[in-house]
Every structure is written in structure tokens, then in C-alpha cells.
Amino acid sequence: MKCPNCGAEIGSSKVCDYCGSRIPYDMQLEQEKLNKKGCPKCGSTNVRFTREHRGEIRDENSSQVIYETVGICNDCGFTWVPDVDDSARPPKRRTWLWVLGWIFIFPVPLTVILLRKKDMSPASDTPCSLPPG
């Protein structure tokens, strides 16, 4: 649940830890309904919510810690962020595709450029010959 005053994650508390404003009663009821829905994977109501440290923003004179509320099912072990829908999250990056592309595809245009270069000289100007023997 987010604070209506400052937008910070507040979990299920009645007062925002960041700005100190009280959370309206209707928002508290809505959060209780979300908690009673239970686990999205197995439907169990044996869930708990914790605030996890997600990072820190540092400035020259201050730092701000970023927390996120996470739901954990005690029956199946599934974890989820109850306040964020999956459509709002950025898509996962597939770094392994970029790595494979650079390994297998990058050498092809490089080879074409080197083969088309007319003024390339051979590695040595003298022909390779074996000594008589």
C-alpha cells in the first residue's frame, strides 16, 4: 500500500514512516481485503507481508533507502509484490541473447570488411619457403 501523501510504500501500518501522515480508514480496509485474498499461486490465507530493502539512493549530503512490501506464502513459499501489477513492470532483459549475438554475428561483418579491403598487405612480403635440406 502506498501513502496518499508522499507515495512511499507503507505496508499495513496506520501511519506513514516517511512523512508521518495518517492513512485513511478506507485504504486500511482495502489493504485488509487484499491480505485476506491470500496467495495468488495456491490461494492459501497463511501469508505474511514483510518490507524488504531494495536499494539505496545516495546523494552528496544524504541517502535514501528504498523498501518494498513483499508477500510470502507460508504454505507454498511463493513470493509476490501485492501492490504492483505485472503489466507495470519493465520487461525482463535477455542479456544472454546479446552475448550470443556478439559472439556469433559480430565476426561476420568484420570478416567481410577485411576481405573487401584492397590495400591490405600480406603478413610478410617474402614467400614462405623451406631451407634446402
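**View 1. Surroundings of Thr69 in the predicted model.** Thr69 touches Glu9, Gly11, Phe49, Thr50, Arg51, Trp80, Val81 and Pro82, not counting residues up to four places away in sequence, where contact means heavy atoms within 4.5 Å. Thr69 lies in strand E2 (residues 63-73), strands (E, at least two residues) being DSSP runs numbered from the N terminus. With a relative accessible area of 4%, Thr69 is buried (buried is under 20% relative accessible area, exposed over 50%, partly exposed in between; 1.4 Å probe, protein chains only). The model is predicted, so that local features need pLDDT of at least 70 and side-chain atom pairs count only at pLDDT 80 or more, whereas totals for chains, interfaces and linings use all residues. Residues are numbered from 1 along each chain as its sequence is written, and side-chain values use heavy atoms, with hydrogens and water left out.

**View 2. Pairing of strand E2 with E1.** Strand E1 (residues 47-58) pairs with E2 in the antiparallel sense over 11 bridges, pairing requiring that DSSP finds at least two bridges between two strands. Val47 stands opposite Cys73 in E2, and four residues lie between E1 and E2 in their hairpin.

**View 3. Salt bridges on Arg54.** Arg54 forms a salt bridge with Glu68, the closest N and O atoms being 2.8 Å apart (a side-chain nitrogen of Lys or Arg within 4 Å of a carboxyl oxygen of Asp or Glu). Because Arg54 lies in strand E1 and Glu68 in strand E2, this pair ties together parts that are 14 residues apart in sequence. Arg54 also forms a salt bridge with Glu52, with the closest N and O atoms 3.2 Å apart.
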